[in-house]
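Could you read them with the structure open beside you?

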Amino acid sequence: ELKQNVYSIKNVVLKDEEEFTDILEERRRTTDLGYALRTFNPQPYKGAPSGSTSDLKKAVLESQYLRYIIALETGSSVEKVRQEARGILEEMSHNLQLGFIRLMGYTVSKVFKRLFRSIYVNMEGLNMLQQAIQESPVILMPNHRSYVDFLIVSFILFTYDIPIPVIAAGIPLASMKVVGEILRRSGAFFIRRAIGSDKLYWAVLSEYVRTIVRTGCAPLEFYVEGFRSRTLKSVVPKLGMMDMVLEPYFKGEVFDITLVPISISYDRVVEESLLALELLGVPKPKESTTGLFKASRVLQEDYGCMHVNFGRPLSVRQLCEGKINRSEYNLIPRDLPQRPSTEIQDCVNWLAHLIVRTQEEGSLISPWSLMACLLLQAPITTLTEEGLQWHGLTEKTLWLRKLVLDFRGCLNWPARTPDSDVMSSTVALHHSIVHHKAGRVYLVQDGDPASQDPLSPEEGVMRTAAAVLMLVSYRNQALHVFVRPGILATAIHITKSTQKDELFSFFCFLRDVFSNEFIFIPGRASQDFDEACSLLQKCGAVHMSQQEVTVLETGLEVLSFLQKLLQPFLDSYQLIFRYLCENGAHVFTEKQFLPAVQNLATKLILSGDLHTFEVLSSDTQKNVLAALRRLEAVTKLRKARKWIVYFTKGATLGGSIPPRFPLC
């Protein structure tokens, strides 16, 4: 059961609680140079060899597995393929050195003290990690919301004399002059983004990762979501690295592997405006040393606090007990490549989703996330022109705070500060999104001050959308608490039924449609439904009997809030379904699809027929296509180096998507 596998902090209003320690408090009292040069004496995995990084590379190149793959590579001489493999490994591998860890510690300490007021770490989780690292190979698995994530875990472990991890990073970081080499010598190893069908690269990468895990020479850190979430909500996990790190256990090469989910929560994300622009189609800035120095202006801003919650270490051996049969790996030598069975693949997928859900359980929800949920339910003209009444917003935020605690959410709300001050300060912190004036709150819409030309209506929509999507990203940080009861509230609203079996059927349908938007552990639909029912009953929204779910008068406010919370997703999906139904071309590329949907949405927003700006997000549009692929309404084929989408009307309306849901 999930509850047995999740480490959650207490459901209390948090601030200055004993389990969280501000690690910057000590950093502000002592010198950064003294901190960087102090004695560093970590206790490594007891079975780890004392070899160097060159020994690691030698073990990879001389492994029977890689020799077998090299021998299979026909068309080139064995020596030429071996040289190519050596080149891949040199490009990829880390070169962890304590001197550079000290340099990073010195630099990062200065940067973090400028960016953040406090960095809170739960000491109980950190103590459990310190013990786990000595007993088995450890995989550190943080969520990924900011480039800061890449630095914070190593910074914390260095602070508390815990072995520094080697970290999977994207290859563009390696190309940054000077910085790339510093990162490599601080423990980063670099992976190409587009590997495709390059068998040799896959072989070198997988053997490199497996050797690190098998030997336990260092904790290994990677992002199971695969990339930084541009929406600040959890991303469906990618399974490539997960497969690699678990294979040594499946093959019996290690007794156990420990997975440590880490939840990193930000009051304010450094890249908030860039993320919104990327979602609207503005190209992502290329990672470069020059760009890094240009971005130094962020050091002048206040980003509030960060919380890093180290989850309870999870034993792969215990989690997989009774789920898989490892004996299939006994049929052929361990050193030979073997395609995992469906059972193994399902187990890896289940574990990956479990980790992401555990990350969500450990995330702390800020007062600003609650306020963002409410601000987005106001009409856009209220936010941009009239302003939302401050008194009403604060009253509703306090109401929502109670609901979050009823739903067992983890809340970061300062306990020793008056509520009015908490909310005023959080709005002031997010001055780039909203401003508070004369008792009202307005959405900030930054235009180009150098431009003398008036904005066209379409440009006005995109400017508003950028501000709205920043607000959306902070709402998303709280969504995991509301998703399950929210889907049930939506099912009640759409079906108008009180029958539990009908509501469960529609709940499962929406859960399936939105499984690229939200994280659902495979095979747990019934438990998710029961959890939704239990939470709505707990807050007095519904009455449960064996066969029926009855809405109570006292629960109308809760149900209305939850239904409105998910309405932007319903509107976005319906619009894209409508576009696919009405569009004459049944074959198109993704590059044609995204701007076409954006143009349609812009026209509907201007005409007043559409009230959500979230459909303009490329992330939402891609999630809809992924959902339709899963529902077998579209197929995606690789043709002439382009992804082609085939859409069939009948597959959508008459098959996978029930006609009771008004899509077109």
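The points below go from the whole chain to single residues.

1. **The chain overall.** Please keep in mind that this is a predicted model. The chain has 664 residues, and 54% of them count as buried. Its secondary structure comes to 29 helices and 17 strands. Of the contacts between residues at least 6 apart in sequence, 78% join residues at least 24 apart. The accessible surface is about 28900 Å², with 52% of that area belonging to carbon and sulfur atoms.

2. **W399 and F561.** The chain has 22 aromatic pairs. One of them is W399 with F561, an edge-to-face pair with 5.8 Å between the centres and 85° between the planes. W399 belongs to helix α20 (residues 390-406) and F561 to helix α26 (residues 556-582), so this pair ties together parts that are 162 residues apart in sequence.

3. **F407 and F482.** Another edge-to-face pair joins F407 and F482, with centres 6.1 Å apart and planes at 65°. This pair also links distant parts of the chain, 75 residues apart: F407 is in the loop between α20 and α21 (419-429), and F482 is in helix α23 (residues 479-495). F407 is buried, at 5% relative accessible area. F482 is buried too, at 0%.

4. **An aromatic cluster.** Which residues do ring pairs link into a cluster? They are Y35, F40, F112, F116, F155, F158 and Y266.

5. **Charges over rings.** R228 takes a position over the face of Y147, with 4.2 Å to the ring centre.

6. **The three-stranded sheet.** An open sheet of 3 strands runs in the order β10-β12-β11, with antiparallel pairing. Why is one side of β10 (388-389) and of β11 left without a neighbour in the sheet? Both stand at the edges, and each has a single partner strand. The pairing of β10 with β12 rests on 2 bridges, and that of β11 (residues 434-437) with β12 (residues 440-443) on 4 bridges. R440 in β12 is a handy landmark: Q389 stands opposite R440, and K437 also stands opposite R440.

7. **The hairpin turn.** β11 and β12 form a hairpin with 2 residues between them. In that turn, A438 has a positive phi of about 50°.

8. **Other positive phi values.** L232 has a phi near 65°, a positive value in a residue other than glycine. L232 is located in the loop between β6 (220-221) and α13 (240-250), and its relative accessibility of 4% counts as buried. R408 likewise has a positive phi near 65° and is not a glycine. R408 is in the loop between α20 and α21, but with a relative accessible area of 34% it is partly exposed.

9. Is K57 buried or exposed? K57 is buried, with a relative accessible area of 17%, against a cut-off of under 20% for that label. K57 is part of helix α4 (residues 53-61). Leaving aside neighbours within four places in sequence, K57 is in contact with L89, E90 and S93.

10. **Cysteines.** How many disulfides does the structure hold? The count is 0. For C347, the closest cysteine sulfur is that of C320, and the 3.5 Å between the two sulfurs is too far for a bond, because a disulfide needs the sulfur atoms within 2.5 Å. C347 is buried, at 5% relative accessible area. C508, in contrast, is partly exposed at 22%.

Terms used. Residues are numbered from 1 along each chain as its sequence is written. This is a predicted model: local features need pLDDT of at least 70, side-chain atom pairs count only at pLDDT 80 or more; totals for chains, interfaces and linings use all residues. Side-chain values use heavy atoms; hydrogens and water are left out. Buried means under 20% relative accessible area, exposed over 50%, partly exposed in between (1.4 Å probe, protein chains only). Contact means heavy atoms within 4.5 Å. Accessible areas come from the Shrake-Rupley method with a 1.4 Å probe; for residues, only the protein chains shown count as cover. Rings of Phe, Tyr and Trp (its six-membered ring) pair if their centres lie within 6.5 Å; planes under 30 degrees apart count as stacked, over 60 as edge-to-face and the rest as tilted. A charge sits over a ring if NZ of Lys or CZ of Arg is within 6 Å of the ring centre and within 35 degrees of the ring normal. Two strands pair if DSSP finds at least two bridges between them.
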